[in-house]
Structure formats: C-alpha cells, structure tokens
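Look at the structure before reading on.

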Amino acid sequence: MIHLIPLLLYAAALGLWVRELVQGPTDRSSLAPVIMTVAAVVAHLVALGDFRMRYGELPLVGPGAALSSLAFVGGLVLLVTLALREAARVAIGLLPFVVVVQGAAVILGIQPSPEALDLQGAGFVLHVGLAFLGYQGFAVASAAGFLYLVQHHELKAKRLGRFFRFLPPLTTLNRMVRIGLWTGFSSLSLALVLAWRWSVEYRGGVEAGDPKVVWALLSWIVLASVLISRVPSARRDYRGAIASVAGFTVVVVTYLVLRLTVGGEGFFL
Amino acid sequence: MQPRMPLALVGVSHHTAPVDVRERLAFTPDEAERVLATLREHAGVREAVLLSTCNRTEVYLFPGVRERLIPAITELLGRKAGKLERGLDDYLFEQWGDGVVRHLFQVCSGLDSLVIGEAEIQGQVREAYERAGAIGVDPPLAGPVMNRLFQMALSVGGQVRSRTSIGEGAASVASVSVELARKIFGTLRGKRVLILGAGQTGELIVDALRRDGAESIVVANRTHDRAVELARRVRGEALAFDRLSEGLARADIVLSATAAPGPIVTGELFAEAFPGGVGGPLLMIDIAIPRDIEPALGSASGVFLYNVDDLRRIVDDRVRVREGALPEADRLIRAQAREFSSWYASLEVVPVIRKMREQGEMLRKTELDRLLRGLQHLADDDLEKVEEFSRRLMNKLLHEPTARLRNEMDHGEGPGMLEAVRFLYGLETERRERGVRMTRPSPDPVDRNKPLGWGRTKEEGR
C-alpha cells in the first residue's frame, strides 16, 4: 500500500502537466506539478526506507523492488530536471516512464529477494545505482528527444499551438538529449566495469549467456551508437533526437522480450 | 437609483482620432504636469491624471463638472494640438461616472488597445498615475479617489491577464518573430542576425530581437551605402553584398525585407553558404513581397522559414484567441467596477450615519432633560439608570438601520436607500454642506451616449 502512494502522486503530477498543456501554459511558473513531483519523490523515499527497515536489505534485487528503485532514481532525475527551470517541462516526457516502471513494480509486488543477500555489498549498490542512473539518463534523452521532434514538427508545420507554447525551445531540448546521453553512457559504462570486475573476482568470469549481461551490453552498445549518431554534421540534432527515441525503445523492448522469455524469479529487473 | 460618481474622462484615442491628431496631442511629462495644474486652478478639479501614449491621450478628473471642465480642457488640448483639419471636438470623446471606471479598467487590461491584450499599456497607466502623484502640489493630484481608481485598474489589468487568455501569445509580426526565435534558440543572447534590406516592420523586428538579447547584427544590401545607412540605424555592421553567402553561413537568424523583384537567397547561394548542410538551427524570416528567400529552402533540415503570410496567419490566430476571452474579461471588469462604485458610495454613507447619530443624540438629550426635570425626587443611581436606558434605546433603534445601510452600500445596492434615509431623517442639508467634494456635480453630468455636438463618445468612435 505504501508503494502505491508515490505511484499515485507521480500519476497526479503527470496529470497536472497534461492539464497545463491542454489548458495552455501561462507565464506563471508551473508550481503545482512541481510540488506534486517533489511530494511523489519524498513519498517514494519513505516507501523504500520502509522496505529497508522492514526487510533489512536495500530494494535492489527482485523484479518489483528493483523496478521501484529504478523509478525512484527516475524521480531524482526529475527533480534535477525541474531545477533547470527552462527544461522543467521535459518532465511531461519523463514522468510516463517513471509511472509505468513504478506501476509495474507495484503489480509485480515489492518484496525482498529470494536470492542470497551476499549481493548487498557497497560495490553491488554502486553498480546497481550507476546502472539505474544510466538507464534514467537514457530515458531523459529519449523523453527530450521525443519532445524535440514534436517541437521541430510544430515549427516546420508553422502551427504555433499548444505544444509549441508548452514545450521548451529546441536548443534546450537538444541540450537535454546531450546531457541525458552522456550521463547515461558514462554511468552505464562504470556500472558495467564494476560488474565485470565483480564477476571476474567472485565468479571467475562473465557469463556471456546470462540474459542480464546480454541486455546490459546491448543497452551500452545502443547508447554508444546514439552518441555516435550525434557527431557534428548537418541534421545532427534532429538525427540525435530520433536516435535517442529509437535507441531507448530498443532497450525497453529487449528488456520486455528477455523478461517474458528467459527471465525468472531471480532476474534482477 | 445609483447616483453618478463625479468622475470625468476626456481625451482622444485610436478609436476617435487618426495618428496625425494623436501625435499632436502627445504630452511630455512636463507638459502633462502643467496641464493638470491648470485644470485644478481653473476647472474646479481636485484630482487628475493624464495618460498619454501613442494610442491615446486621456485626462481623468475628479470631480468633473461638465460646464467648467469641457471649455477648459478643450482650450488646453486645442492649444496643444494647434490647427487641425477638422475641429478638435470631432476627435474628442468623454466618459462620466461609472463609464470612466469601466473605461480605465478596459484600458489597463488591454481591451481598448489597438492590439487587444497588449501588456505595455499597464506600465504606461502606472507611470501616468505615479507621475500625477509625484507632482509637487498640495493636496496631491492623485488623491484618495484617483489612488483607489488607478490601483484597482492596475490590479484588474493583472487579473484579466492572469485569468483569461487575453494576453496569450504574441500578437504582432515583430513579437511573433521574437517568439519563434526564442522557441528555437532559447535565449537570443549572442545570436547573429543577418538583415537583407528593411522596411518599417523589418526595423521593428530587429528592435525586438535586439531587446531580447541579439547582439551581432549584420546588414547586407545591393547598394552598399544603403547597407551602411541601415546598419547605422539598427546599430549593426554593413556587409558587402558579394559576401552574402559568408554572412548567411554565420547567421542564426536571417531577416529579409528587400524590394528586389526576385529571390535573393537562392538554392545556389544557400549551397555555397552551407556546403555540408545547416549545422545548427537557422530561422529565416522573409517579409518581402515578392519573396526574397526561395520557398524550397524551408524544407531544408534545420531551416525554419516563415514568410509574411505565415506570420500574419499566426497573428490572426492569436488575435482570435484573445477576442474569445473578451466576454470573460468584461465580466471581471464589470464586477470590479461595481466594487469601485460600492467603495465610492461608502464614502457617502459615513457622514450620513454620523449625522443620524448626532441627530439621535441631540433628541435623546433634549427629551431626557425634559423628563428629568419632572423626576428630581429620584436618587442619583436611579437617574443614571434612566439615562442609561435612553442611551440603550437610541442605540438599539439606530443599530438596525445603520447596519443594514452599511450592508446595502457594501453590496452596491445602497445609494437609493441612502437617498431615502436622508429624506426620512431630514438630512438633505448634509449633501449641500459637503458641496462638490462628495456629491455628484450639479447640474448632473450629461449622458455619455447622448450626442454632444462637440465630440464623439467612445461608442460612436468605435
């Protein structure tokens, strides 16, 4: 029940942003959705803290718990986005991802992992934290990229309607794509290095067929490809936005496929 | 019956006078000060504010007695305007009482502006009001009535803008251009603007871009001398026309407004400027007719090309949105105007209540003295009780009518009742004693919609 509260608050914040989009933004700051988002993150922190207190472990292992932590990192990233005033409205693109992830966590059940707790060391926490930050960075890039394409379309179509007025400027969205991609890439790279070291040290090597290894490597390759698509040239920004959206979609779809085909109870997400 | 407030407004606006008349009636702050001082001296005016903008010159006055006011203002404005093709009377409009309040609220909300909902007027009204208050005369020209009126007007203007879509989006070619630039680049600081020719609209756009932070402005023209001249006007640099592709390659924003018979920025020139395609976004605004920029360039990646029809269509859409907000804005204004009337009426109720009480107290004392003369045998305690009884009786008798009168005045329904109370309690003399300060002008001001023969009313001007 306690994990439902942040979900409802995230959904309410998304609703408030959508209301602002539909009713037409004003020059006043969008305080209500910002407050709602902050409340959601605080409630999420309390819920995860309660998990830690109740089960004596961090909610990093097991699908429900790990997804909730991933959503929480998304909430933290949202707070950073909201602090960048001009880019705050990127939240309308990022919040659906956070809502879906937390919703999935609640549906799957946020329970302690049946796996041994020897995975709870600082290195593991750092690895998972960095990986989550990597995926959320990619999510930001994807959300900003999607909004970039919408704004680009509005400007090209000379239709200066609700989306045009609501969305941040193209250059701001492009900057968010860049920041999201670099944050995602560097965090995920570090997370993979940590995982590789841990595997070599304690398991004698990396299991190439492990679905989570496959997914992590694929995510890293996709992120790297998206970054390469943004090398200086004509259409760089536009191409980068498309690549971010497409790349993130590939990562999410791959996860779902792996989850539905080979993932089991112990699967980390 | 709602008594009229002795508020008056006389002036010209874009509804009643063409620009050549309005510009003759534009007042500098010093001139405004002199006019207001003269009106106080010769027209029995206590409070006055003069609002002078490019779209209007309006004098707000309190109290305004038509017989004294109109000749004085006509003379003052006539002196300022000089000789006009038609008589000044043909351009003037006037408002009285509640009409003045509604008009000022509409002006401050941008409803009476040339471009509906424009926000600049609010600052201009504030300046006019503050300027009147700063004039060193005693009592100040922005006295209690003008203070309340203008402060409410500024507040109403803010409410109308925040609660309705009256100010939504940019509504001129120049401001739409800036909005486009902002939505592409975010900040315009450091952005480079290339100008090809420029008419009046072009210069307005450049001004607006510069106000928003655009710093580097380069002007190119087939005739280099004209480029130099234009560059001087827009505080930019002239560029030799044969280096146009170079200027194009460096620009973030291109503004084109030449009188050339055909396109200047062609596909060929564009390819020369951007051999590998456009790197960052490029906003191109073509307000020339015939067009200066080949339309096909608009489909190039990273290029956002807007011609004059695109910009006008956007402006028209915005104006339609703003017009849709008029009924709601009008409702807000009417409600606030009623509140002002109630406040003004409350100024009248206080002396009436005071007089009622004074009269009651006088009666109480007279009758008590008469009674006590026949009750000399009573002890002091008993006499005090009798006096206390008389005081309580009077308070109770007056409490209900006083409370109801205040309540009705607060809700804007009381003026008729005030007249009745004056009549019933025999207080008519009170109004005459207070004279012009608190009462309506005598004789009553004319109906603002009645043809006057000396000027058009606002309604007629529309």
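The model is predicted. Its largest nonpolar core has 111 residues, and those with the most contacts inside it are Leu180(B), Leu209(B), Leu283(B), Ile287(B) and Tyr306(B). Helix 5 of chain A, residues 122–157, gives the most to this core, with 15 residues. Apart from this core lies another, of 71 residues, which includes Ala8(B), Val35(B), Ala48(B) and Ala337(B). In soluble globular proteins, nonpolar side chains tend to be buried together.

What is Leu180(B) in contact with, leaving aside its neighbours within four places in sequence? In chain A, the partners are Leu155(A), Leu160(A) and Phe164(A). In chain B, they are Leu283(B), Tyr306(B) and Leu311(B).

| Property of chain B | Value |
|---|---|
| Secondary structure | 17 helices and 10 strands |
| Buried residues | 50% of 462 residues |
| Contacts with a separation of 6 or more that join residues 24 or more positions apart | 74% |
| Accessible surface | about 22,000 Å² |

Carbon and sulfur atoms account for 50% of that accessible surface of chain B.

Val38(A), Val42(A) and Val46(A) make a nonpolar surface patch of about 230 Å². Val42(A) belongs to helix 2 of chain A, which covers residues 31–55. Is Val42(A) buried, partly exposed or exposed? Its relative accessibility is 47%, so Val42(A) counts as partly exposed: that class lies between the limits of 20% and 50%.

Terms used. Residues numbered from 1 in each chain as written. Chains lettered and ligands numbered in written order. Predicted model: local features only at pLDDT ≥ 70, side-chain atom pairs only at ≥ 80, totals over all residues. Heavy atoms only, no water. Patch = residues over 30% accessible without salt bridge, like charges linked within 9 Å, V, L, I, M, F, W, Y side chains within 5 Å. Areas by Shrake-Rupley, 256 points an atom, 1.4 Å probe, with all protein chains shown as cover. Salt bridge = Lys/Arg side-chain N within 4 Å of Asp/Glu carboxyl O. Helix = DSSP H or I, 4+ residues; strand = E, 2+ residues; numbered from the N terminus. Buried < 20%, exposed > 50% of the residue type's maximum accessible area, 1.4 Å probe, protein only. Core = buried A, V, L, I, M, F, W, Y, C linked by side-chain atoms within 4.5 Å. Contact = heavy atoms within 4.5 Å.
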